[in-house]
Each structure stands twice: as C-alpha cells, then as structure tokens.
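User: Can you walk me through this model? Keep it quick.
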Amino acid sequence: MVARLKLVMGAQGRLTVGRVLLWIIGLWLAYMWILPFVWMVSTSFKLPGEVMTQTIEWIPRTWTLDNYRVVFQKPIVRWLWNSMVVTTSITLASIMLGAAAGYALARMNFPGRNVFFMMLLLSLMIPTEMTIVPRFIAFLRLRATDSYAALILPPIAEVFSVYLFRQFFLSLPRELEEAAAMDGASRFRIFRVIALPLARATTIAAAVLLFTTNWNAFLWPLLITFSEEMKTLPIGMAAFAPVTMNRTQIESYAPGMAAMTILGVPSLIVFLFLQRYFMEGVISTGIKG
Amino acid sequence: MTTRQLPADTSLRTRLGRMTWKGERIEWSAYFYVLPFFVPFVIFTILAIIFGAYVSFTEWRIIGDPLWVGFANYVRAFNDDFVPKVWGNTFQLAAIVVPGTTILALLFALYVNQRLRGFTASRLAFYAPRVVSVTVVGLVWVWMLDTRFGVINQYLHKVGVPYIPWLTNPDWVLWAVGMTTIWWDLGFHMVILLAALQDIPSELKDSASIDGASALQQFWYVVVPLLRPAISLVITLEIISAFRIFSQIFVMTQGGPAGASFSIIFYIYERGFMNTELGYSSALSLMLFFTILVVTLIQLRIIRERA
C-alpha cells in the first residue's frame, strides 16, 4: 500500500501523512486555479438564457455557437491583425536594439558607457504611467494618434531587453571573440557570427516575455486608439465588459465569455508549448532586481 | 622644428583610432550599437519625463496652448479631497495584494519544489493566469463575482454564506479586485521564489535534519534566511505593481461603486483623459513617481542593511 502510494505520488524519501496531504492539497489548488478558465469556456457555449441559473452548471444544457457569432460581428479579425503587426514589430525591434546596445555595454569601450548604463538603471524605477501624458500630447501634436506608429514606437526602447543581453554577454567568456579578433574579424562580424548565435536562449526568453507583455498591453493602446479599425485585440474585446456595455443587459456575459475565450485560449496554448521560455524569462527578470 | 611633430599623413581617422578612454582604445563603432536604442529611449522616456514635469506646471486642456500656472496643480492636489481617498484605496489594495501574493506564492513554491507527482502540471496551472490579457482576467472574474449568479457566491451560499455584493458594495470591491490581482500575479512571483528555492543546496537541509531539526525548524532556520533576498525582491516588485494597478479597475469597476475602487493611476487617467486636465494629471503622476522612488529606495536600504 505504502509502496503503491509512493509510486502514485512520485515521492522520494520518507512517506509521511504530511506529504500525502500536501500532494492532495497541491493538486486540488492547481485544479481550482484553472477553474475560472473552464467556467469561461463553458459559459461561452451556453445559450444566453441559460447563463444565469439557480444552480451551477459546469456543462452547458444546450451547446450553441451563437455567442461566437455575436463576437464576430465586431471587427475582431482586424483587431487580431493589428495586435499581430504591433506586437511582432515591437518584439523584433526591441530584440535587435536590445542585443546591439547590450553587447556594446558589455564588451566595447567608449566614453559615455557608464552614463548610458546609469540612465538605464534609473529608468527602471520610473513607472511607464508617468510618461503617458507627455507621450500622448506629443502624438496628438504630431497628428499621429490612432496609427501603427503611435502603437509601435514608444514601447520599442525596452530597457529590460538591453539589460538581459548585457548580463548574458558579460557572462560569456571573452576567449572565443578574442580568437576571432586575432584572425582579423571585424567587430560587427564577431558580434553577428559569434556572440549573437550564442545568445539564442536569451533571445528566445526575451522574445517570449516581450511578446506577451506587448500582446497584453492595455493602457497605452487604450489611450492612443480612437477608431474601431486601429484597436488592438485586448482593447477591442474590453468593449464586452458588462461595466462599459450595460449592466442591466445581463445576457452579455455569454458573448463576453466567447470574446474572452477567443482572446485568452490562444495565449494559453502558446504558453503550454513554450512554458520553459516563459519561466526562464521570469527568472532573468528576478535576477535583474 | 620637425623633430617632435606628428608625421604629416596622420589623418583624423588614425588619430581617433589612437584615442583612449580609461586606459583602453576607444571603439567608436560602439555608438552604432548603442544609439539605435538610446535615441528612442531618450525621446520616449527621458524627454517625456522632462516634458511631463513641464506640463505639470501648466493648465492644458489638449486643445489650445499650455498656460503656465506655477505650483497651482500641486496646491490643488494637496487640497483635493479625492487624493487622500485615492491613495487610501491604493494602500488598501496593496495591503491585500502584497501579503496575499507573497504568502501564497511562497506556499505554492514550496509545494511545487517537493516535486510530488503532477508538480509540473501544477506549476503550469499556477502560472497560466499571467499569460492571458488583463481583459480576460477582469471580465472572467466580474462574471464569477456576480452577486446572485456568480459561481463564487453560489458555492459560498451552499455553505451558508449570504450573497456578497462583491462589485457593487464599496466595502467589498477592493477585496474583489485584490483577489483577482492575486490570482493573476501569483504565478510570476512563485517562479522567482521557486528559482531561489532550487538554489538552496540540499546538503544544508540534510545536515540540519541530521542534527535533529524538524521540518518546520529546517524551514524556519535554513530555508527562510536563504530565501530572504528573493522574498524582498518579490515584495518590492509587488509594492511597485500595487501602486500601478489600473487595468483590472478599468475592466472590472471603472472606479466604482461611488469611487470606492479609484486607484491612483485610475485617477490620473480619469483626470487627464476623461476630463482633459493634462496639467493636473501630470502633477499627480509626478507625485506618484516620487512616492515609488522613495519606497524603492527605502526597500533597497532595508535589503542592504540586512545583507
């Protein structure tokens, strides 16, 4: 019995009542933690009239796609496209700018290097919200609100990306690069052919983190987009919130949950496949602090 | 005359190439690597902050030109009855979210670190809310927290708890937003703590247990002291993000009911963009910045002194 339990729990070492309890409670909590997503998906397939029920119904009485039809009346394909364009551009730009600046800060000797680095460190303490009003005014004055430029440009100078690459290149032994320099390779060649390919894991971790952060960005896209055509997916979908719609319109929960399923499930699937890089990204943020 | 002069063919190029900085040759090409990042960085962060500071001394209603008003916006902020309320709400939220997330994240990390069967799936489950948009998080919780038909109240009702007006009562709304935030944020902090836990050499715990320390003693005297830097980091990050709570409130409550869930950033947003008082909004954000700066510096000082 004990041996079998050990096998089921995957436990090494002594088997105590405490550990069995911990195993059960832990799994139960993990299950509870994802129930909101189950509830979201379940509601999204219910008939609006069967959403508000006296008892909890985890499985829809009648399965329907009506809610998804309601959601698709909004220009969500356009919003999805906007989100893709904006997020991909920001991620690629942040990676390129971050890798180059991080490499120079780690490896090259030039006046101003320490000033640059201090500026980066200080800016980590500045909440982005502080820059929102001036950025908004600037884009307004340039008549450039409600455009891809306004969505993409401000977030590309991502300090975190520089920091991550700088840390990585500092940890990289110099010998390889020095040998290449002896053979007469230029600095750019060394950077592109030797240093950058070695930073593959850092690049992926940074990309995953930048992509999710910007995919889910809320405040700036909310302020800078006015027309339906320029909204990103999270901003457009926020219109399904019962607060901003109409609180008395109680059946709005069903289409709302369909919208949230469309918005949330793809992120969850990507996370499932790339979870290792998500965790690595977080851990590098941790080291940053 | 000619003896000590440089050869005539010394061009600017070779002279630049010979220049040194801190005893080493300068690599001028470094600026090509650094400037593509620093130009947008200076424009969108450094200049924006300076410009924001200027705007905070003006009255500016988006249309028209700014009007210099000196410290009027700051005087107004100190006399605005809503400002202490908004700060009070933000501190209350922090008082729910910071301890709640820290304690739960630590417990979850300790459980995952035991590597009992299913721990990978559990880790995934705990982190999952972090990867979806805040729109999803907020809206799903609004539905779950519905007073009469939400799952949470329905289950609570089954065990005899009366229906709680989570989002419609000023006394409950911050708890509702706080719970949602904990669910959303916990996984991130759990992963940081988990990484720190895995760095603790198992020999330390083994030797403590040979010396007869119980599991609780091992945890308190071996694990906690070694985790202290990671816990401090997690608390600092949480405090900063608690000061910056906005999107949950935007999606879930719009600051209501009766202003009971206005956070400081939501107030900055409401003044600046709903009422087009950009000057006042800038003054409020500058004050928030200094508060965050002070809190961060105090935190760093505490961490340094302990270390």
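Analyst: Terms to begin with: helices are DSSP runs of H or I with at least four residues, strands are runs of E with at least two, and both are numbered from the N terminus. By that count, chain B has 13 helices and four strands. This is a predicted model: local features need pLDDT of at least 70, side-chain atom pairs count only at pLDDT 80 or more, and totals for chains, interfaces and linings use all residues. Residues are numbered from 1 along each chain as its sequence is written, while chains are lettered from A and ligands numbered from 1 in the order in which they are written.
User: What radius of gyration does chain B have?
Analyst: Chain B has 27 Å, whereas a compact globule of 307 residues would be near 19 Å. The radius is taken over C-alpha atoms, and the globule rule is 2.2 Å times the number of residues to the power 0.38.
User: And what does its C-alpha trace span along the principal axes?
Analyst: The trace of chain B spans about 105 × 70 × 35 Å.
User: What share of chain B counts as buried?
Analyst: 38% of the 307 residues. Buried takes 20 or more other C-beta atoms within 10 Å of the residue's own, with C-beta atoms placed from the backbone.
User: How is chain B split into domains?
Analyst: Domain 1 covers 12-55 and domain 2 covers 76-306. Bounds come from an automatic or database domain assignment. The C-alpha centres of these two domains of chain B lie 38 Å apart.
User: Which domains does chain A have?
Analyst: Chain A has domain 1 (2-63) and domain 2 (75-240). Their C-alpha centres lie 38 Å apart.
User: Switching to the interface. How many residues does each chain put into the contact?
Analyst: Chain B gives 79 residues and chain A gives 75. Contact means C-beta atoms, placed from the backbone, within 7 Å.
User: Which helix gives the most on the chain B side?
Analyst: Helix α2 (residues 30-55) of chain B, with 16 residues. The chain B side divides into 54 nonpolar, 19 polar and six charged residues. Ala, Val, Leu, Ile, Met, Phe, Trp, Tyr, Cys and Pro count as nonpolar, Asp, Glu, Lys and Arg as charged, and the others, Gly among them, as polar.
User: Last one. At what angle do α9 and α10 of chain A pack?
Analyst: About 145 degrees, with the axes 10 Å apart. Axes are lines fitted to C-alpha atoms over the stretch in contact, and angles run from 0 to 180 degrees between N-to-C directions. A:Leu176, A:Glu177, A:Ala180 and A:Ala181 of α9(A) meet A:Ile190, A:Ile194 and A:Ala195 of α10(A).

Notes
Buried ≥ 20, exposed ≤ 12 C-beta atoms within 10 Å, placed from the backbone. Contact = placed C-beta atoms within 7 Å.
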